[in-house]
Amino acid sequence: MDALSAFIRDHSDGQLFPWARQHEAAVRFSVSVAQVEAAALQQNILPARYQRNRQAISVSDQFTIFSSCVAVIGCGGLGGYVVEELARLGVGRIVVIDPDVFEEHNLNRQLFSTPANLGRAKVEAAAARVREINPAVTLAPIQKAFSIDNGAELLNGCQIVVDALDSIQVRLELAEICSTMNIPLVHGAIAGWFGHVTTQFPGDTTLQTIYRSWKGGKGVEQTLGNPSFTPAVVASIEVAEVCKLLLGQGNPLRGRQLIIDLLSMEIQVIDLHEEIVTVASEF
Amino acid sequence: MNITVKLFASFRTGRFDIETGDYPAGTTVADVADSLNLPQSELGIMMINNRHVKLDRQIAEGDILALFPLLGGG
């Protein structure tokens with residue numbers, strides 16, 4: 001790898017290493033572009049595609065992100081945007097789990113759906129998209145329904161899990177599995193103009209609290225539907241949470257639920273602790 | 001007794017954002033939801049004076065009840 005490291009040093013423009021050289025190095029040294037990316041970041045050289053991540057994300061932070069594995073459960077409205085943003089952020093390994101194929105009613109909002117890929121597995125479309133936008137990222141497509149039975153196996157090796165599901169029951173199962181496996185869970189849910197986000201740390205019972213009134217079935221999304229913009233907003237907030245958790249920066253939504261109303265343009269943050277509850281807004 | 005009810009998200013449609021009303025003593029969260037035609041299956045977070053409560057909780061004079069719908073889409 002010394003020759004590879006020397007090639008990267010010799011062909012970096014200041015502290016930046018252009019994509020064309022990254023690709024050239026992969027061919028010349030018979031390694032993957034991911035291996036070239038790791039070799040660059042290890043010597044504090046940033047692949048140029050990430051230059052606008054700075055100063056928010058340092059080169060060493062970028063290596064932390066590249067060395068991470070994040071699981072996305074569900075590849076529909078939320079999941080499509082989450083996968084896109086994680087891949088552009090530079091998360092090195094993304095595991096995407098969804099049993100479904102694209103249907104016509106997905107086209108109004110699901111990022112990877114097109115008329116041409118109706119009938120195609122959502123996770124396959126996600127893998128193709130990630131290969132296109134960031135070939136250094138490995139996407140593991142799993143065309144299965146996540147459940148309490150296969151969950152532990154599917155999440156093995158993942159540092160963070162993102163909830164992009166459309167079922168409250170499976171969300172509660174996911175929350176339980178994540179807690180057992182000691183994995184933080186970034187949760188998002190949407191309906192119509194509305195959405196919410198929170199992050200459950202291992203040992204917390206955040207999703208149980210949010211859905212304590214749930215007795216079965218779907219939420220109000222069944223009648224309100226899901227327009228194009230709500231999943232993009234909620235998914236982006238989920239990815240910001242993932243980025244903070246990976247880097248140990250900022251204040252994640254632990255014990256707090258961010259509630260978004262795009263119709264009134266109001267954002268509430270409510271405290272989810274059982275006894276003492278404070279609210280950040282006027283409410 | 002006077003109770004202030006705050007509604008959020010889709011619960012506001014055709015109803016109100018905030019309203020103070022006169023309710024009989026012993027009124028519960030479920031009674032208020034029923035009076036507003038809010039199906040119990042759609043109720044998510046429920047809070048009185050910023051504390052989480054359940055449907056059978058009795059409300060007291062001057063309390064502020066906040067109701068959020070259950071969201072589950074992705």
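Contact here means heavy atoms within 4.5 Å. In this predicted model, contact by that rule joins 24 residues of chain B to 43 residues of chain A. Putting the two chains together buries about 2,600 Å² between them, and carbon and sulfur atoms account for 58% of that area. On the chain B side, the residues that lose the most area to chain A are Leu70(B), Leu71(B) and Gly74(B), which together make up 26% of what that side buries.

The polar side of this interface is worth a look as well. Between chain B and chain A there are 13 residue pairs in polar contact, with both residues at pLDDT 80 or more. The interface also holds two salt bridges. In a salt bridge between the chains, the side chain of Arg12(B) meets that of Asp261(A), at 3.8 Å from N to O. That distance can be set against the cut-off, which asks for a side-chain nitrogen of Lys or Arg within 4 Å of a carboxyl oxygen of Asp or Glu.

As for the secondary structure involved, the elements of chain B that give two or more residues to the side touching chain A are strand S3 (43–48), strand S4 (51–52) and strand S5 (64–69). Of that side, S3(B) supplies the largest share, five residues. Sorted by class, the side of chain B that touches chain A comprises twelve nonpolar, seven polar and five charged residues.

Attention can now turn to chain A itself. Its domain assignment gives domain 1, made up of 13–19 + 26–54, and domain 2, covering 68–271. Seven residues from domain 1 of chain A and seven residues from domain 2 of chain A take part in the contact between these domains. The C-alpha centres of domain 1 and domain 2 of chain A are 29 Å apart.

Domain 1 and domain 2 of chain A bury an area of about 570 Å² between them, with 49% of it coming from carbon and sulfur atoms. On the domain 1 side that touches domain 2 of chain A, helix H3 (residues 33–42) of chain A gives the most, with three residues. The residues of that side of domain 1 of chain A fall into four nonpolar, one polar and two charged.

Note on methods. Residues are numbered from 1 along each chain as its sequence is written. Chains are lettered from A and ligands numbered from 1 in the order in which they are written. This is a predicted model: local features need pLDDT of at least 70, side-chain atom pairs count only at pLDDT 80 or more; totals for chains, interfaces and linings use all residues. Side-chain values use heavy atoms; hydrogens and water are left out. Domain bounds come from an automatic or database domain assignment. Buried area is the accessible area (1.4 Å probe) that two parts lose on being put together, summed over both. Helices (H or I, at least four residues) and strands (E, at least two) are DSSP runs, numbered from the N terminus. Ala, Val, Leu, Ile, Met, Phe, Trp, Tyr, Cys and Pro count as nonpolar, Asp, Glu, Lys and Arg as charged, and the others, Gly among them, as polar. A polar contact is a pair of N or O atoms within 3.5 Å; within protein, one must be able to donate a hydrogen and the other to accept it, and residues adjacent in sequence count only if both atoms are side-chain atoms.
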